[in-house]
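Reader: I would like a close look at a single part of this model. Please keep the account plain and connected.

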Amino acid sequence: MPESNRFEEVVTLVIKHRVKAGFEVAYEAWLRNIVSIAGQQEGHLGVDVIRGKSAGLDLYTCVLRFCSTESMQHWLDSPQRLQLVNEATPMLADGDQTEVNPVNEFWFAPQADTSSPPPRWKQAVVTLLVILPHTLLVPLIWGPLLQLNALLSNYVVATFLITLTIVVSVVYLFMPMATRLFAPWLSSSTQPKETR
């Protein structure tokens with residue numbers, strides 16, 4: 001029971017750093033260190049680092065996923081992290097900016113401070129491209145196994161197993177991959193750099 005509650009509680013910690021000019025190399029070394037340390041924390045589910053630009057400075061958006069709010073808060077309050085953030089502060093133009101989102105909200109979060117989320121129709125297209133293959137293939141993959149046992153072939157049990165497989169696969173693997181793959185297209189209409 002506690003395990004399922006933890007799964008439903010999955011959260012992302014989104015950290016944005018704008019790096020002062022001249023500190024890029026030092027920041028990259030610092031970033032590699034803190035990502036390695038964060039990866040060893042209990043409840044840490046993975047991290048993505050997205051590099052961009054904001055007002056002429058390098059912008060780093062770090063997305064850390066945790067299995068629960070408690071695990072995330074433990075990392076935020078840890079002496080290790082506080083010490084590392086203090087080390088980075090002189091390199092940052094705006095300090096250590098953090099925000100917490102349910103895991104699915106980051107799928108379409110803007111990558112720069114000045115941009116906005118992509119249009120909902122683009123979000124719907126990418127979501128459809130990820131969900132449709134799952135709804136077609138997962139029942140086919142589970143089918144032979146569900147036939148092996150009367151309990152497994154029960155409609156509710158079978159639906160639960162198929163849905164659980166789709167949700168875990170989409171949330172942890174395919175949706176993050178798809179948003180990275182389609183990032184230029186998703187952000188193209190929200191950052192019209194060449195039209196002015």
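Which element gives the most to the lining of the largest cavity, and with how many residues?

Author: The model is a predicted one, and the answer concerns helix α2, residues 24–38. α2 gives six residues to the lining of the largest cavity, the most of any element.

The cavity itself comes next. The structure holds one cavity of 30 Å³ or more, and about 130 Å³ of space lies in the largest cavity. Its lining is made up of 15 residues. Those nearest the centre of the cavity are Ile 15, Leu 31, Ile 34, Cys 62 and Leu 64. Two or more lining residues come from each of β1 (11–19), α2, β3 (57–66) and α4. By class, twelve of the lining residues are nonpolar, one is polar and two are charged.

Two of these lining elements, α2 and α4, also pack against each other. Helix α4 covers residues 79–88. The angle between the two helices is about 170°, and their axes are 11 Å apart. An angle over 145° counts as roughly antiparallel, so α2 is roughly antiparallel to α4.

On the α2 side, the contact is made by Trp 30, Asn 33, Ile 34 and Ile 37. On the α4 side, Gln 80, Leu 84, Val 85, Glu 87 and Ala 88 take part. The contact of α2 with α4 has six nonpolar, two polar and one charged residues.

Ile 34 links the two descriptions: this residue is among those that lie nearest the centre of the largest cavity, and Ile 34 is also one of the α2 residues that meet α4.

Methods. Residues numbered from 1 in each chain as written. Predicted model: local features only at pLDDT ≥ 70, side-chain atom pairs only at ≥ 80, totals over all residues. Heavy atoms only, no water. Axes fitted to C-alpha atoms, helices over the stretch in contact; angles between N-to-C directions. Helix = DSSP H or I, 4+ residues; strand = E, 2+ residues; numbered from the N terminus. Parallel < 35°, antiparallel > 145°, perpendicular 65-115°, else oblique. Contact = heavy atoms within 4.5 Å. Nonpolar A, V, L, I, M, F, W, Y, C, P; charged D, E, K, R; others polar. 1 Å grid on protein atoms, 1.4 Å probe; cavity = no way out; pocket = protein on both sides within 12 Å on 5 of 7 lines; lining within 4 Å. Points joined across faces, edges and corners; volume = space filled by probe spheres on them.
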